[in-house]
Every structure is written in structure tokens, then in C-alpha cells.
Amino acid sequence: MNAIATDTQSFEPSLFGGLFSDDTFWPTQPRDMAETGLSEAFVEGLLLKILLVAGTLSGRNCSERIGIPFRIIEPMLGLLRTRKMVAHVRPAPFNDYYYSLTDAGQKNAQTQMQQCSYAGVAPVPLTDYVLSVEAQAAGLEPIDRDQLRAALCDISYQEELLDHLGPAVNSNTGMFLFGPPGNGKTTIARCLTQCLGQEIWIPHAILDDGNLIKLQDDAFHRPAPVPDVDGEILKGQEWDHRWIRIRRPTVVVGGELVMENLEVRHDSRSNICEAPLQMKSNCGCLLIDDFGRQRIAPEELLNRWIIPLENKIDYLTLPTGKKVQIPFEQLIIFSTNIDPSSLVDEAFLRRVPYKIFVSDPTREEYRRLMQGVIDKLGFPETPQAADYLFAFYEKSGRNMRRCHPRDLLTQVANFCKYRRIPFVLSPEYLDKACNSYFNKL
């Protein structure tokens with residue numbers, strides 16, 4: 001893999017283990033087929049499959065779809081034409097041609113499809129992906145209190161929580177966020193990814209030992225603009241288009257998590273593999289939400305991840321039976337309503353050293369939350385509404401939660417819309433909301 005640093009000097013991969021500025025790691029364009037790390041036969045097969053799916057494409061369109069520069073693709077299309085696999089349809093701009101498959105090319109492409117139906121952006125070798133994770137892994141550049149406060153600026157929390165979260169993020173190991181439901185544990189976990197820094201590069205797909213693994217996932221990977229290098233606009237376009245620039249990912253899984261999500265999943269019909277969740281979250285954050293309520297027992301997850309959590313390395317088995325070593329470089333957060341000590345044993349707790357309790361809001365914080373919702377929904381100023389709810393909590397023996405002001409006042413707003421009456425936080429309407437929300441008959 002080619003990559004450049006800001007001083008344009010060569011680098012040692014071992015130097016890349018922490019957080020870097022946007023232009024430190026850069027996947028440069030391959031100059032020839034050898035620098036792609038792929039065989040000519042593989043790329044030819046991919047070209048034939050792309051033409052089989054698309055019908056007719058110009059050479060430059062083929063280059064865009066495959067992510068390999070036109071200067072490398074053009075002679076390959078010429079060889080395929082010599083071998084009667086493709087034919088010129090008509091001229092295209094800029095000394096190019098439109099290509100389509102011949103009968104022989106269609107038969108070859110169909111054979112290629114039966115072997116592997118992937119017809120997208122060309123993959124990168126597994127070794128290139130491993131080096132990229134090492135280069136972009138978060139954790140060695142510590143965050144400070146101001147950065148953490150900025151990441152949590154849109155949510156409500158108690159100030160002392162910062163001094164617990166900051167060291168946990170800087171450890172780049174793992175943490176439990178536990179406490180009563182409805183107090184923002186999941187929201188806090190999502191916000192923490194913002195502390196990890198700038199955008200990163202990931203490949204669309206990875207190839208190793210003939211196994212194609214899809215990595216890029218629209219559900220978790222949000223594209224980010226490609227910056228210029230040294231302020232040069234044209235140079236900003238010069239990168240290996242087999243890679244995509246994304247915001248640092250936050251992968252969130254809840255009760256639907258099963259062991260298959262943590263292994264390379266192979267589709268025998270398409271012969272395409274899907275990367276596991278820990279690969280998709282590398283250089284970002286992996287949030288196991290509502291831990292303890294998954295379809296797998298906590299002990300199973302313990303046994304699967306106890307070594308990766310310790311050594312920052314995971315081992316995956318490919319469909320061919322080959323075991324590969326993958327970086328395990330992400331901030332792992334276990335969010336749960338249950339005390340961690342009742343879920344897993346001491347060996348696992350030791351490998352997730354930070355256990356952070358997210359408590360209920362104070363009355364002062366509750367008032368601030370209510371005021372924010374009042375302003376957002378358009379209610380008139382009603383200071384006594386908070387006091388009325390405080391009395392309800394005391395009478396019912398319920399605890400306050402940070403989600404309650406939003407949820408209760410939204411119910412009042414929905415009732416007022418239904419009755420076509422002005423928005424008012426009257427005791428009658430607050431009672432209706434509480435009775436409905438807390439199932440109080």
C-alpha cells in the first residue's frame with residue numbers, strides 16, 4: 001500500500017499507532033498493477049463482471065467503477081479486446097471508447113459470477129488494511145476536559161462525570177456505562193466518538209487468499225469530504241479510489257447481537273464475505289447497548305473477546321479455513337442497566353477496567369432539561385410545572401430520569417394538538433401525560 005505523510009518522507013508502519021491529523025495517512029494512487037496488490041486475472045474478471053452488469057461502459061466509466069486509474073485499466077481493456085472478450089461499440093470523449101462484452105466475454109463473465117458475484121470497487125490486500133488501521137488507530141493522542149465537554153455539549157450530564165469519562169476514553173480499552181434506564185447512557189456513548197478525532201480511510205472491500213470481504217457499510221460508515229493536500233486542489237483528487245474517507249465510525253448493536261455478527265460471514269451463493277462488527281468499528285467506537293440482554297449470554301461474549309481486549313488483536317477464520325490476524329482497535333463501550341459485577345466474572349471485568357455509573361438527574365438539572373423542552377416545543381414559561389412533577393415523583397415513589405422531561409412534555413404537546421387547544425402545561429394535562437407514560441391507571 002502507498003501512503004504519504006505531510007513531509008513526503010517514507011515511514012515505518014510501526015510508527016503509526018495513534019491519532020493523526022487529517023493529512024498524515026493518505027492512500028496514494030497505484031502507479032501500476034503491481035502496486036494495487038491484485039493480480040491481472042482478478043482485475044480482468046472484475047472488469048468483465050462490471051460490463052456484464054452494466055452492459056456498455058466507456059473505459060473511464062470502468063475505471064471509476066473499479067476504483068483503479070484509467071492508465072492501468074486502458075491497456076487491460078485493450079488485451080481483453082485482443083482476446084475477443086470485449087469489443088468497441090463507439091468512440092468516447094478524450095481518446096476513449098465504449099466497451100461491451102462479446103459472446104465469449106459474456107460466457108467468461110458468467111463463469112466469473114458463479115465463482116464470486118462481487119462486481120463493485122476493487123478490493124485492497126488484507127495487509128494494506130491492517131497497516132491502515134495501525135496508522136489511524138485512536139487512543140495515543142489523549143483528549144482533555146475541554147474536548148470532552150465539546151463532544152457532550154448537546155446533552156445533559158453531571159459535571160463530575162467528565163472526570164470519569166475522560167480517563168476511560170484515553171485508555172482506549174473499554175468501559176461499562178451502567179445505571180438506571182433513561183439517563184442517556186447510549187447518547188453519551190455515541191457522543192464519545194467525536195473525541196476520537198478526525199475522519200479516517202477504509203477500503204470498500206478486502207481480499208486475502210481468494211476471499212473477498214466487504215467492509216464498507218452504509219449503516220455505520222458516513223462519507224466525509226476528501227481534503228486537499230498542501231492546499232493543492234488537483235492533488236486533493238489523487239488518492240486510491242478503492243478507499244473511502246469516512247467519519248470515525250460508531251457501531252451500535254443491541255439485543256439483536258449474535259455470535260455470527262462477530263465472525264466473518266460467508267454467503268455460499270455469492271461467495272462474498274461480510275466483515276464482522278469489530279472490523280467495521282476499527283478506529284472508532286463499538287457500543288454494545290443494553291448489555292446482558294443480547295441473544296447470546298454475556299459469558300459467550302466474554303470467551304470470544306477476552307483475548308482481543310487484552311492484546312488488541314483478533315483472529316478470524318476465513319471460508320478457506322485460514323486464520324488471519326486483525327487489529328482490534330476501537331473504543332468498546334458496554335451500556336447496561338445492570339450492575340456489571342452481576343453479569344460477568346472478574347477476569348472480564350479486569351479487561352474492561354472502567355465502570356462508570358450514570359446517575360439520575362438532580363432537581364436543578366431536571367429543571368434545565370424541562371426548560372430546554374419548553375423552549376423547543378413552544379410552551380409558555382411555566383416554572384411551577386417542574387414543582388408539580390417533583391411532587392408527583394415523591395407521591396408515586398418514582399425516580400426522575402433525564403428522558404422524562406422530553407417524553408412527558410411531548411405527550412402534553414400531542415394532546416394539545418389533538419384537542420386543537422393552546423399549548424399549556426396545566427396540572428390536568430401533566431396528570432394525563434404521567435398516567436399514560438407510567439401506565440398509572
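The paragraphs below start with the domains and end with one serine.

This is a predicted model. The domain assignment divides the chain into domain 1 (39-121), domain 2 (126-357) and domain 3 (363-438). Between the C-alpha centres of domain 1 and domain 3 there is a distance of 63 Å.

The interior comes next. In soluble globular proteins, nonpolar side chains tend to be buried together. Here the largest nonpolar core contains 30 residues, and V43, L47, I66, I73 and Y118 have the most contacts inside it. At least two residues of this core come from each of α2 (40-54), α3 (59-66), α4 (70-82), β3 (96-101) and β7 (205-208). The biggest contribution is that of α2, which gives six residues. Domain 1 and domain 2 each supply at least three residues to this core. Take I73 as an example: leaving aside neighbours within four places in sequence, I73 is in contact with V43, L47, G59, C62, S63, I66 and I68. There is also a second, separate core of 25 residues, with A151, L192, L331 and I356 among them.

How do α2 and α3 pack, in terms of angle and axis distance? Their axes are 11 Å apart and meet at an angle of about 110°. Angles of 65 to 115 degrees count as roughly perpendicular, so α2 is roughly perpendicular to α3. On the α2 side the contact is made by V43, L46, L47, I50, L51 and A54, and on the α3 side by C62, R65 and I66. V43, L47 and I66 of this contact are also listed among the residues with the most contacts inside the largest core.

Another helix to look at is α6. Because eight of the eleven residues of α6 (residues 126-136) are buried, this helix is largely enclosed by the rest of the structure. The buried residues are L126, D128, Y129, V130, S132, V133, A135 and Q136. Elements covering them include β4 (124-125), β6 (200-203), β7, β9 (243-246), α10 (277-280) and β15 (323-327).

The last stop is S156, in the loop between α7 (145-151) and α8 (162-171). Which residues does S156 contact, leaving aside its neighbours within four places in sequence? They are E365, L369 and R402. With E365, the side chain of S156 forms a polar contact of 2.5 Å, made to the side chain of E365.

Definitions and conventions: Residues are numbered from 1 along each chain as its sequence is written. This is a predicted model: local features need pLDDT of at least 70, side-chain atom pairs count only at pLDDT 80 or more; totals for chains, interfaces and linings use all residues. Side-chain values use heavy atoms; hydrogens and water are left out. Domain bounds come from an automatic or database domain assignment. Helices (H or I, at least four residues) and strands (E, at least two) are DSSP runs, numbered from the N terminus. A polar contact is a pair of N or O atoms within 3.5 Å; within protein, one must be able to donate a hydrogen and the other to accept it, and residues adjacent in sequence count only if both atoms are side-chain atoms. Contact means heavy atoms within 4.5 Å. A nonpolar core is a set of buried Ala, Val, Leu, Ile, Met, Phe, Trp, Tyr and Cys residues joined through side-chain atoms within 4.5 Å. Buried means under 20% relative accessible area, exposed over 50%, partly exposed in between (1.4 Å probe, protein chains only). Axes are lines fitted to C-alpha atoms, for helices over the stretch in contact, and angles run from 0 to 180 degrees between N-to-C directions. Angles under 35 degrees count as roughly parallel, over 145 as roughly antiparallel, 65 to 115 as roughly perpendicular and the rest as oblique.
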